[in-house]
Amino acid sequence: MTNVGISVGALLAGWAVQVGTLPAYQLLVIANAIAFAASAAILIHLPPVKPLHAVGGPRWSALRDRPYLLLTALDGIMAVQFKVLAVAIPLWLVTATAAPRWLISCTMLINTIIVVALQIRASRSINSPSAGGIAYRRAGVAFLVSCSLISLSAGIPAWAAATLLLAAMVIHTIGELWHSAAGFEVSFALAPQHATGQYLGVFGLGAGLAEALGPALLISLCITWGRPGWYVVGALFVLTGLAAPFAVRWAQRPRPVQHTHPEGARQQAAA
């Protein structure tokens, strides 16, 4: 459903970019604000979910779980790939290539169609944390290939640039399928049942940092620096993917349970 919304938004954004006038951009911002208000109106009517009873242990245990924090950081680095689609490719297409501007919406639309059609199929075999670690590694390789193709689209005829950008988008989307499935599997499977909300909240910090810092990073490397920056970003993705399986294995090792209240401490000592 998220990607269906993205595809609709991409079409509207493509119209604004193609028109290129101030009223078109202002209309886009106003429509976006209205969509957020409509979302809030729907969500406010959802019933609350009752939390599970608390169990013995330290508060904010997720912040003490170093393997889980490492996976959070790795997923955050990998999540910068979402900004490649939303920020880096549009700016690169307009400033560094001869490809037509309407291709921005086309690439986003292709991405969302592939995700909607293939996300479940791509996720089917990623049914354990170990499989999630392998999927991270595959995603890193896919992102390296797509970044390399994007960098080659500068300084060539429009039809060639468009072909490379479309090919890069398809490969990047395959990596996105693996990355998303890996993140879902690892974040849920490695979170204790009694603290799922806390752990998933911490895991979301990685994506939040990517949302905040990713655009500046990509603009500095890929747009300001140019072609070499794309190779640096691709290398960052592949190194992160290679590190993920080791982090998953570390997180799967049994860890002692800590208690904060006297009764829990006595039970642990007796055991």
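What share of the contacts in the chain with a separation of 6 or more comes from residues 24 or more positions apart? The answer is 81%, where a contact means heavy atoms within 4.5 Å.

Before we walk further, a word on what you are looking at. This is a predicted model, in which local features need pLDDT of at least 70 and side-chain atom pairs count only at pLDDT 80 or more, while totals for chains, interfaces and linings use all residues. Residues are numbered from 1 along each chain as its sequence is written, and side-chain values use heavy atoms, with hydrogens and water left out.

How confident is the predictor? Its confidence in each residue is called pLDDT and runs from 0 to 100. The chain averages 89, and 92% of the residues score at least 70. Confidence is highest in helix H6, at a mean of 97, and lowest in helix H10 (residues 262-270), at 40. Over residues 258-271 the pLDDT stays under 50, and the model has 14 contacts beyond four places in sequence for them.

Now for the overall layout. The chain has 10 helices and 0 strands; these are DSSP runs, numbered from the N terminus, with helices (H or I) of at least four residues and strands (E) of at least two. The C-alpha trace spans about 75 × 45 × 35 Å along its principal axes. Of the 271 residues, 41% are buried, meaning under 20% relative accessible area with a 1.4 Å probe and protein chains only (exposed is over 50%, partly exposed in between).

Let us step inside. A nonpolar core is a set of buried Ala, Val, Leu, Ile, Met, Phe, Trp, Tyr and Cys residues joined through side-chain atoms within 4.5 Å. The largest one here has 54 residues, and Leu-71, Ile-150, Trp-230 and Phe-237 have the most contacts inside it. Among the elements that give two or more residues to this core are helix H1 (2-19), helix H6 (129-151) and helix H9 (227-252). Take Ile-150 as an example: beyond four places in sequence, Ile-150 touches Val-84, Ile-89, Trp-92, Leu-165, Ala-168 and Trp-230.

Asn-111, in helix H5, is buried with a relative accessible area of 2%. Leaving aside neighbours within four places, Asn-111 is in contact with Asn-3, Leu-85, Met-169, Thr-173 and Glu-176.

Next comes a charged pair. A salt bridge is a side-chain nitrogen of Lys or Arg within 4 Å of a carboxyl oxygen of Asp or Glu, and by this rule the count comes to 1. The side chains of Lys-83 and Glu-211 form it, at 3.0 Å from N to O. Lys-83 lies in helix H4 and Glu-211 in helix H8, so the pair ties together parts that are 128 residues apart in sequence. Lys-83 is buried, at 12% relative accessibility.

Our last stop is the largest pocket, with about 1500 Å³ of space. Among its 45 lining residues, Thr-2, Gly-5, Ile-6, Ala-86 and Met-108 are the closest to its centre. H1 gives the largest share of the lining, 12 residues. A pocket is found on a 1 Å grid over the protein atoms alone, as an open set of points with protein on both sides within 12 Å along at least five of seven lines; lining residues have an atom within 4 Å of a point. Grid points are joined across faces, edges and corners, and the volume is the space filled by probe spheres set on the points.

Note on methods:
pLDDT = per-residue confidence, 0-100. 1 Å grid on protein atoms, 1.4 Å probe; cavity = no way out; pocket = protein on both sides within 12 Å on 5 of 7 lines; lining within 4 Å.
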